[in-house]
Amino acid sequence: MKKIIVLFIFSACSLFGQETFPTNGITNQNKSNYAFTNAILIVNPETTIEKATLLISNGKIIDVGKSITPPDGFVVVDLAGNYIYPSFIDIYTQYGIEEAKRKKENNPGPQMFSSKSGAFGWNEAVKPEVNGADLFSIDNKEIEEWLKAGFGAVLTHQLDGIVRGTATFTLLGKESENKSILKREAASLYSFSKGVSRQDYPSSLMGSIALLKQTYHDAYWYKNGGNKLEENISLDEFNSIQDLPQIFEVRDVLSIPRADKIGDEFGKQYIIKGSGNEYQKIDLVKSAEVRLIIPINFPDAFDVEDPFDAELVSLEAMKHWELAPLNPMMLDKAGIEFAITSLGTKSKNEFWTNLRKSINLGFNKKTALKALTTIPAKLINSEEMAGTLDKGKIANFLITSGDIFDESTQIYQNWVAGKPTVLASFEDKSLAGNFELTFNGFNYDLEIESKDSKLKSKVTFENEKAIPAKINYGNELVTLSFSDSARGYFRLNGIFDSQNRTFKGKGQDENGKWFSWSAKFKNEIVKQDKNEDNSKESEEYLSNLGEITYPFLPYGKSNFNANNNYLIKNAMVWTMENDEAPSQMDVLIKNGKISEVGKNLPSTDGVPTFDAEGKHLTPGIIDEHSHLAITRGGNESGLASSAEVNIGDILNSDHINIYRQLAGGVTTVQVLHGSANPIGGKAALIKLRWGKSADEMKFENADGFIKFALGENVKQSNWGSDNKERYPQTRMGVEQFYIERFTRAKEYEESWERYNKLSDNEKKNAIQPRKDLELETLVEILNSKRFITCHSYVQSEINMLMKVAEKFGFKVNTFTHILEGYKVADKMLEHGAAGSSFSDWWAYKFEVNDAIPFNAAIMTKVGINTAINSDDAEMARRLNQEAAKSIKYGGMSEIDALKMVTLNPAKMLHIDNKVGSIKVGKDADLVIWSDNPLSVYAIAEKTFIDGIIYFDREEEKILQESIGKERARLIQKMLSVKKSGGKTQKPKKEEQIEYHCDTIINFN
């Protein structure tokens, strides 16, 4: 045992060689040469050597293997079958770096520009100049927790901003920062969250995406000549860190492809720091071909003892509680490479508890070790120095009593760069057991238990009740005391012989009388095998699991019926191709297209047939103005023009309103930016393909649209007195703003035309224009490659925008809302604009005081292509009824009324060649109704998109029953957790935002 004690007397000199700092006193020149023998040595996750020797010198591994003779002068440590592992690496931390704090400002109003002094970039959320090494300082208190958990090195950075600067790779040693840092700049970091920046822009996820893309373009321009025109420290630093590993943090699995697309566009392969719900979209993650860093911060069970509290918990939250521990296993089985981070767990103990839970549920131990050693080292290009116990690497290793992932295993020591931190005594293992204690003629049974580096003991006299005993041990000396009510109070002191597992020494009774005592080992403590317990618990857990559905919501499905061939017979068919009343016909769907329309169509083998006699068949409803399926902000309100942002970047394919709108017969929607600014963002046209990814929902080969807005919202009339900073603040200012932006766009286009006309030699001496995503979009409008849908109410403003458009040679495609359209219908017709109106909204704010419910009928009679839109998730479920109101208000025919939510919006969106009517060759986007679709009694029974049934009312009844059973199962499972003493959390109501034009929330 004395060989081991020597370990803690010697000290090591720096890993980095000669000192560069002065000393006060005598310099310690000990070389710290150690030989660890008879170890079970895990060199790396693939290689284990038994009876191995590890040699370290001056903080480095100099040899490893079997039959190695320790050189002279080495301290030899016989590990007697204990294990040596590479210490763990966490590459997503903020260790030793203070959390960023938002500046306190006296002015609570908007902040449009950076308040940072110096020649930096314009946006405070982009700060590539931040270097983790400059902020890093060793935290001796925090470091103890890291070491106890088995970590030896971390990558650390400030978790703030969209472009976060660089992270530093550092040892978890107790030397100075100078000696701890291994790589000053080891990776560059990104996210979609602007963090503590007070700037208004970006205020949304789509704004964050656009800002990051623009930063890449700006940096390219700056590197290729722009630096001759201005000094920009941020762009200079951004360019300097592009060759580092790139780590991108996302909040949810749907943001993985969002980040990956940016990487693909700019030639970057991001390492994605995930959120722990990747299992919900394994195929989506795999298709992105990314490497991950995953947390294991599994949620606690909900306390659902109160049935009303249980109602606050969504089914998806319950399912995530159950399935989150399977995330590592499922990623591993899918062949997706990942590292594990402890970030997000409340403590390092919770980290271990969660990790072992995943392992007990089937996560492969070898993969777990890779995710904590070799993979993190490889991801940050540091495998030459850490991650394994190969010759030449830093001596970062753990000495353990057994398999590192077994619950009973103790970590004895954590060595960082050749210096030990003692976490438990080697003797603790031999101390544990049952002993025969003898003194003063008494014979006691002594039981000593070692758990979590702490000793517990008790004594038993013959068959009497066990008595707790206080035990302390250190440097081979033991003290033991206990009070036996029948025989007295005894205090014992002695020496433990670990080789023979015996004690001997002196003691005193309660009268102060001395006596000799001894204890000899009898047998090991017989305990139920924890691994066996865990195995049984895991088997029970895995045998009672819910399914992963797509989407991961109620009404999602684990298996999807993709059949797109059907025959619908005897329905009252509303073709929308002419003004004739609906008639009884058959419709054949083949491969997702309308193949035949007629009477008495023959059945085809293998094609399911629906007898729709007494029912009505219409084209799917099209909503020209929706804010459905938006993620983290439908308005980018930070600037007056946000033409650079794109709703298509932030579609949420897992939104319950998609299903609800399918239940109302909706098949296609245009998802629009809000109306917070005169020039909003690009729109997304989607089909409601429930269960598909965001990209799979997008309408193929559709023209691009963009949202403009007029009126109170854009001049911030109702935003409060603090919002007087952003131009324009008046209606006349809005007009001038349009003129200024389109003038800038024309100048921008001309600058590129001039540059592109230059010869190759001339271009060498010219500076390429800076690519501007906002102006690129406006140029598309000027060239009729992108089309405007404009939020509008007041006739004067409607007239103004048409004149601005005509001045610059383009047309406004659609005026949406257009509640004073009846006043300017003749001018709209002359201009060529369509109108997408509410049916009967009026007087809900000042600028709609003149709205009338006859608006749609009047515009239709004038000859304007008119539609009815929702602008509301709930209203979209009954657009058929909204269209029917124009029969009352204006005497519109049933055919014309239904066209306002089918063929007319299809024409507005330039997709009437594919959808909007029942015609051979068009997409089979159809709805079977129980009654006349314009009746308040009509119910959508089946909704088809591309011939596939995405909503079926009969199937919904089965799904509702299944949802109820699944909730009941999960509630019982959570109740059993509480009953057994497990951790629970208080349920909270989950707020789901329903977006409208004027929803203004800063999501960053």
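A polar contact is a pair of N or O atoms within 3.5 Å, where within protein one atom must be able to donate a hydrogen and the other to accept it. The model examined here is predicted, and that term is applied in it to serine 642, whose side chain is joined to the side chain of histidine 673 by a polar contact of 3.4 Å.

**Serine 642 and its surroundings**

Serine 642 is placed in the loop between β31 and α17 (656-662). Because its relative accessibility is 0%, serine 642 counts as buried. When residues up to four places away in sequence are not counted, serine 642 touches Glu636, His673, Asn677, Ile679, Gly680 and Gly681.

**An exposed asparagine**

Asparagine 178, by contrast, has a relative accessibility of 51% and therefore counts as exposed. Asparagine 178 belongs to helix α4, which spans residues 177-180. Between asparagine 178 and alanine 133 there are 9.6 Å in space, C-alpha to C-alpha, although the two are 45 residues apart in sequence.

**The open sheet**

Eight strands form an open sheet with mixed pairing, in the order β6-β7-β8-β9-β10-β11-β12-β14. Its edge strands, each pairing on one side only, are β6 (88-93) and β14 (338-341). From one strand to the next, the twist averages 25 degrees. The pairing of β6 with strand β7 (residues 151-156) is parallel and runs over 4 bridges, and isoleucine 89 stands opposite alanine 153 in β7.

**Two helix pairs**

Two packed helices are described by the angle between their axes and the distance between the axes. The table sets out these values for two pairs.

| Helix pair | Angle between axes | Distance between axes |
|---|---|---|
| α19 (residues 731-757) and α21 (residues 773-782) | roughly 95 degrees | within 9 Å |
| α5 (residues 205-223) and α6 (residues 233-240) | about 95 degrees | 9 Å |

Angles of 65 to 115 degrees count as roughly perpendicular, and α19 and α21 are therefore roughly perpendicular to each other. In that pair, Arg741, Phe742, Arg744, Ala745, Lys746, Tyr748, Glu749 and Trp752 of α19 meet Glu774, Leu775, Glu776, Leu778, Val779, Ile781 and Leu782 of α21. Sorted by class, the contact of α19 with α21 has 9 nonpolar, no polar and 6 charged residues.

Helices α5 and α6 are likewise roughly perpendicular to each other. Here Thr215, Tyr216, Asp218, Ala219, Tyr220, Tyr222 and Lys223 in α5 meet Leu235, Asp236, Phe238 and Asn239 in α6, and the residues of this contact divide into 6 nonpolar, 2 polar and 3 charged.

In helix α13 (residues 365-372), the buried residues include Thr367, Ala368, Leu369, Ala371 and Leu372. At the start of α13, a side-chain oxygen of asparagine 364 comes to within 2.8 Å of the backbone nitrogen of lysine 366.

In helix α25 (residues 879-888), Leu879, Asn880, Glu882, Ala883, Ala884 and Ser886 are buried. The elements that cover the buried residues of α25 include β31 (621-626), α24 (855-862), β39 (866-868), α26 (894-899) and β40 (926-929). After α25 comes glycine 890, whose phi is positive, near 125 degrees.

Technical notes: Residues numbered from 1 in each chain as written. Predicted model: local features only at pLDDT ≥ 70, side-chain atom pairs only at ≥ 80, totals over all residues. Heavy atoms only, no water. Buried < 20%, exposed > 50% of the residue type's maximum accessible area, 1.4 Å probe, protein only. Helix = DSSP H or I, 4+ residues; strand = E, 2+ residues; numbered from the N terminus. Contact = heavy atoms within 4.5 Å. Pairing = 2+ DSSP bridges. Axes fitted to C-alpha atoms, helices over the stretch in contact; angles between N-to-C directions. Parallel < 35°, antiparallel > 145°, perpendicular 65-115°, else oblique. Nonpolar A, V, L, I, M, F, W, Y, C, P; charged D, E, K, R; others polar.
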